[in-house]
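Please walk me through the pockets of this protein and the residues that line them.

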Amino acid sequence: MLDVREYVLKTPPGGVKRYDHDALCDLLKVEDYSRVIFEQGVGREAIVRVYPSNPLMGVRDMTADDLVMDARGRIQLGTYFDGSPLRFRLFDPKTGNAQRGAVFGTTGAGKSRLVQAILIACKNSGIVVHLADLKHGQSVPEAKGNVATRVTTQYEAILMLRGLVAEAERRMIAYGERGSSGFVIGAPDPLTYGIVDEANRLLEKNAPFREEAALLIKELGRTGRSVGVGIIIAAQAGHLDELGGSDTLRGMLKEGEVILLRWSSAMMQQLVSDGLLPRGESLQPIPKVVGQVRKIRRFNEERADNEDDVNSQGMLYHLTGIRPTSMARTFVVGSVAPTPGFDPLILALYGDHAPPGQAIDLEEHMSAKERQVASEGGQAGTVTAAPAPESEPDTSRMSTAERILAALPADGLAEVDLMAVLEADGGRRVARGSVRTNISTLRKKGQIARPDSTGLIVPVPAD
Ligand SMILES: Nc1ncnc2c1ncn2[C@@H]1O[C@H](COP(=O)(O)OP(=O)(O)OP(=O)(O)O)[C@@H](O)[C@H]1O
Ligand SMILES: [Mg+2]
C-alpha cells in the first residue's frame, strides 16, 4: 500500500497511558481523524499509520464458513484494520473450557448483530444455545426457531439461567462420578451456551431480579466453564452499577472473551479505574461517524448530505484477544437497511436445519413460592402467570399502596406471599414495615378488609 504513511514511535516503558487521538491528528495535519490508526505494540513501540481513508470502511459480508468453529475452537467474526482475521473463541480444546464472553457498546454500536453472528456460529457448529432476548425478542428476531430455548422476559431469563446453573451442577456431579477431569464436546454432553442480549436490563439498579441475575451469571462463569456450559452477555451501560456492580464482570473481563464496541468514555474510564481494563486509556476512540472532517466551513461551502450518518457500527476492540489495542470490525451481518420482516440474509446464514439441543423446561425451575403466586394469579402452572414484570403496569411509578392493591387477588394473600409478589413486580424494594403501615392505612380507608382469623390480606371490591 503505497499511499499509507507509517510512523514508528518510541513510547514510555509500559506503553502510552493517556492517548489523545485528536491531538495526534492535529499534529499530523490530518483533518479526517478516522484515517489515522494508532496501535500500541509490546514494550516501548507504537505505530501510527495514516490511510487515504479509514481501512475498516468497506468490510466484506459475513459468510456461513466464517462462522463454523475451527479445530482450535474459534470462529472468524471480522477483520483487524490491517486485514488480519478477528477471531472469537467459543471453546478451548486444550483445556476443555467453555468461554464466558461479554460484548459491550452504546446503543446502535452493533451488539445485537454481533450476537446474531455468534448465534449463527453456535447453530452451525453443533453448540446448544439458550437465549434471552430482553428487548421483547426484537434484538435478534431471526433467532426464533434457531436456538434451543428463546425467552424474552426478565423472569423467564432468570428461569433459564437457573436451568443453566442446574445443568452445570448436574454435569459436575456426573463427570466426578465417572472420574473424568475435563469436558470433551459430545462425550456425552454438547457444548452449551447461555446468551443474554440487553443483559443490562436484568442487571441495572431496581431491576426486579438484579441480585439473582448477577449471582447466576457469576456462578455460571465460575462453575460452568469446566463442564462445557458457557455464558455470553451483551450489554450497554453508562456505569458499572448498571451491570450488577463490577463483581459480576470481574471474572468475565479477566479470563473471558471481551469485545468493546463504540463505548462512552465515562464507562471506559470506570472500567480502567476499577482495574478491569488495564489498557483502556490507550485505545483510540471509535467515532460515531467515520470520515467526518471537523473543519470550519466558510458560508459558501456545502457540507456533504450524509456527513452525520452513523457508519461505524461493528467497529470494535477485542480486549482479550492477541491484539487488544488494534481497531477491528465485524463483517457485514445481514441487510444494512432494516427489513420489514425477518432479514432473509440472516435467515440464510442460519440455514434451514433444526438447531441442536433441547429447550430448558422453564417451569421446572420455578420455586415453590413462585408456583404458588402463579397459581393464585389464576392460571396454575403457566410461566406467563408468574410474576413477569413486563406484563404488569409500570410499577416503578406506582405508590406502595397501589402496588399492594394490584398484587392482591380477590381471595387475598398471606403477608409472606404478598411480599414475594412485591419483590418481583418490577417496582422498588419495599420493607415489610412499610407494607404493614400501608395495609393498615388501606384498612382504615376501607380498601382492604379488617383482619380475621385466616390472617389473609383480602381486598375490598372497589364498587
Ligand atoms: N455487523 C454489522 N453488519 C451490518 N450492519 C450492522 C452491523 N452491526 C451493526 N449494523 C447496523 O447497525 C444497526 C444497529 O446495530 P445493532 O442493532 O446490532 O446495535 P446494538 O448495539 O444492539 O443497539 P441497541 O443498543 O439499540 O440494541 C443495525 O440495525 C445495522 O443496520
Ligand atoms: Mg441490540
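Helices (H or I, at least four residues) and strands (E, at least two) are DSSP runs, numbered from the N terminus. This is a predicted model, in which local features need pLDDT of at least 70 and side-chain atom pairs count only at pLDDT 80 or more, while totals for chains, interfaces and linings use all residues. Residues are numbered from 1 along each chain as its sequence is written.

A pocket is, on a 1 Å grid over the protein atoms alone, an open set of points where a 1.4 Å probe fits, with protein on both sides within 12 Å along at least five of seven lines; its lining residues have an atom within 4 Å of a point. Two or more lining residues come from each of α2 (111–124) and β15 (328–330). The most come from α2, which gives five. By class, 14 are nonpolar, 16 polar and seven charged; here Ala, Val, Leu, Ile, Met, Phe, Trp, Tyr, Cys and Pro count as nonpolar, Asp, Glu, Lys and Arg as charged, and the others, Gly among them, as polar.

The second largest pocket holds about 560 Å³ of space. It is lined by 22 residues, with P208, F209, E423, A424 and R429 closest to its centre. At least two lining residues come from each of α3 (154–178), α5 (210–224), α9 (368–376) and α11 (415–424), and α11 gives the most, five. This lining has 10 nonpolar, three polar and nine charged residues.

Methods:
Chains are lettered from A and ligands numbered from 1 in the order in which they are written. Side-chain values use heavy atoms; hydrogens and water are left out. Grid points are joined across faces, edges and corners, and a volume is the space filled by probe spheres set on the points.
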